[in-house]
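Hi everyone, thanks for making time. Let me put the structure up, and then we can walk through a few of its features together.

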Amino acid sequence: MDHLTHRPRRLRRDGVRDLVSETSLSPSDFVAPVFVDATTEERQPIESMPGHERVPLDDAVARVEEVLETGVEAVMLFGIPEAKDEVGSRAYAEDGVVQEATRRITSETDAYVITDVCLCEYTSHGHCGVLTSEASERMEERCSSNVLEDDAAEDPDLTVDNDETLELLAKTAVSQAEAGAEMVAPSSMTDGMVGAIRVALDDAGFSDVPIMSYAAKYESAFYGPFRDAADGAPAFGDRRHYQMDPANRREAGREVALDVEQGADVLMVKPALPYLDVVADVRREFDRPVAAYNVSGEYAMLHAAAEQGWLDLDAVARESLLSIKRAGADLIVTYFAEGVARSL
Ligand code: PBG
C-alpha cells in the first residue's frame with residue numbers, strides 16, 4: 001500500500017476513542033415513566049412491557065425511589081383512575097390518582113415530577129378529549145344496539161371536539177401543578193393546548209412551571225403496549241384525526257412552531273427511533289431543548305427479540321438511546337431509563 005494520509009482508524013483505539021466521542025449518555029438525560037393505578041392494591045406487571053408495573057398509590061413513592069437509586073432523577077407520571085366518564089373528570093380531580101401520587105412523591109422524594117396532561121386514560125371512550133355531540137350520540141347508539149362495526153372511525157367530524165377539550169386540559173395541568181408537579185407534559189395533540197395551559201398556569205400562579213409539549217406526536221402503531229399499560233385504547237376509531245400522519249416530516253416543523261409561539265419550554269418528538277429525522281429537524285430549526293419519547297413499542301420489540309436470543313438487550317437499548325441523542329435529543333423519556341442508567 002502506498003501512502004495513506006487519512007486513517008480514521010487511528011482515533012478508534014481504546015484510550016483515544018472516548019476523547020473524540022461526539023455523544024454520551026448519562027442517567028440525567030433520562031425520564032422514567034411511572035404508572036400509578038387507583039384500581040389495584042398490588043403491583044400489576046405489564047405483560048407487553050417486561051419489567052414494568054402499574055403500582056398502587058401506596059407504592060408510588062417506593063416505585064420512584066427505585067428509579068432514583070439508578071441515578072435517574074426525573075419521572076413522568078401516568079394515572080389509571082378508579083373510574084372513567086365521558087369528560088375524563090378524574091384527570092382534573094383534586095384527589096385524582098396523579099394529583100395524589102404527585103403530592104406524595106414530591107413531599108417524600110427528590111425526584112423531578114413531570115405529569116402527563118391528557119384525557120385518554122380518564123374518558124370512557126378512550127379518546128384524548130371530549131367527544132363531539134355527534135360522536136357521543138353514535139357511541140350511545142352503538143352501545144345500546146351492540147353494533148360492532150366501526151362506522152364512526154370513518155368520519156373525521158365524529159371524534160373529539162378540539163376547543164371544548166382545551167379547558168379541561170388546562171384544568172388538568174393546573175390541578176397537577178397545585179399538587180406539586182414540577183413540569184407538565186400535554187400529549188393530546190389538541191390545537192392550542194400549549195397556549196391554553198400556559199395562560200391557565202400563569203393565572204393560577206404557576207408561571208414557573210414549564211411545559212414540555214408533545215409537539216410532534218405521530219399517530220403511531222408503536223403505542224400498543226402503552227395502551228394496555230394505561231388502559232387508554234380508544235373504544236372506537238383511532239387517533240388519526242388529531243395525531244400526526246407518519247408520512248409527514250415538514251408538517252412537524254409547523255406543529256412545533258405553533259407550540260413555540262404558544263410558550264412551550266421543551267419540544268418533544270414521539271415516537272423516537274422511527275422519527276429520528278424529525279428529532280434532527282427540530283434540533284436544527286428550533287433553539288429549545290428537544291425531548292424524544294422512546295415509546296412502549298420500541299421497548300417491547302427489543303425485549304421480544306432479546307427473549308428469543310436474537311439481540312443483546314443491554315447493547316441494543318444503549319445503542320437506541322445513544323442514537324436518539326446523536327440525532328439531537330437533549331432528554332429521552334424511556335422505559336429503558338433504569339436499566340441503561342444502571343449499566344452506565
Ligand atoms: C396519551 C399518551 C400515549 C402515550 C403517552 N401518552 C398514548 C397514545 O397517544 O395513544 C404513548 C406512550 C408509549 O407508547 O410509550 N395520550
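Let me start with a question: is E100 buried, partly exposed or exposed? E100 is partly exposed, with a relative accessible area of 22%. Here buried means under 20% relative accessible area, exposed means over 50%, and partly exposed is in between, using a 1.4 Å probe and protein chains only.

Before going on, a word on what you are looking at. This is a predicted model, in which local features need pLDDT of at least 70 and side-chain atom pairs count only at pLDDT 80 or more, while totals for chains, interfaces and linings use all residues. Residues are numbered from 1 along each chain as its sequence is written, and side-chain values use heavy atoms, with hydrogens and water left out.

Back to E100. Its side chain meets that of R104 in a salt bridge, at 3.7 Å from N to O. By salt bridge I mean a side-chain nitrogen of Lys or Arg within 4 Å of a carboxyl oxygen of Asp or Glu. Both E100 and R104 lie in helix 2, residues 97-108, and they are 4 residues apart, about one turn of the helix. An α-helix has 3.6 residues a turn, so residues three or four places apart point the same way. R104 is partly exposed too, at 25% relative accessibility. Helices (H or I, at least four residues) and strands (E, at least two) are DSSP runs, numbered from the N terminus.

The structure holds 19 salt bridges, so let me pick out a couple of others. D37 and R54 meet at 3.0 Å, N to O. This pair links distant parts of the chain, with D37 in strand 1 (residues 30-37) and R54 in strand 3 (residues 53-55), 17 residues apart. D37 is buried, at 1% relative accessible area, and R54 is buried at 16%.

Then there is D330 with R283, at 2.8 Å, N to O. Here D330 sits in the loop between helix 10 and strand 10 (331-334), R283 sits in helix 8, and the two are 47 residues apart. D330 is partly exposed at 35%, and R283 is partly exposed at 28%. There is also a network of salt bridges that links R43, E53, D59, R63, E66 and E338.

While we are at helix 8, residues 276-285, which of its residues are buried? They are L276, V278, V279, D281 and V282. Their cover includes strand 7 (212-217), helix 7 (250-261), strand 8 (266-270), strand 9 (290-294) and helix 10 (313-327), where contact means heavy atoms within 4.5 Å.

Now the inside. The largest nonpolar core has 98 residues; such a core is a set of buried Ala, Val, Leu, Ile, Met, Phe, Trp, Tyr and Cys residues joined through side-chain atoms within 4.5 Å. Those with the most contacts inside this core include F30, M76 and Y293. Helix 4, residues 162-178, gives the most to the core, with 7 residues.

Last stop, strand 6, residues 183-186. Both of its faces are covered, with M183 and A185 buried on one side and V184 and P186 buried on the other. In a regular strand the side chains alternate between the two faces of the sheet. V117 stands opposite P186 in strand 6.

Conventions:
Two strands pair if DSSP finds at least two bridges between them.
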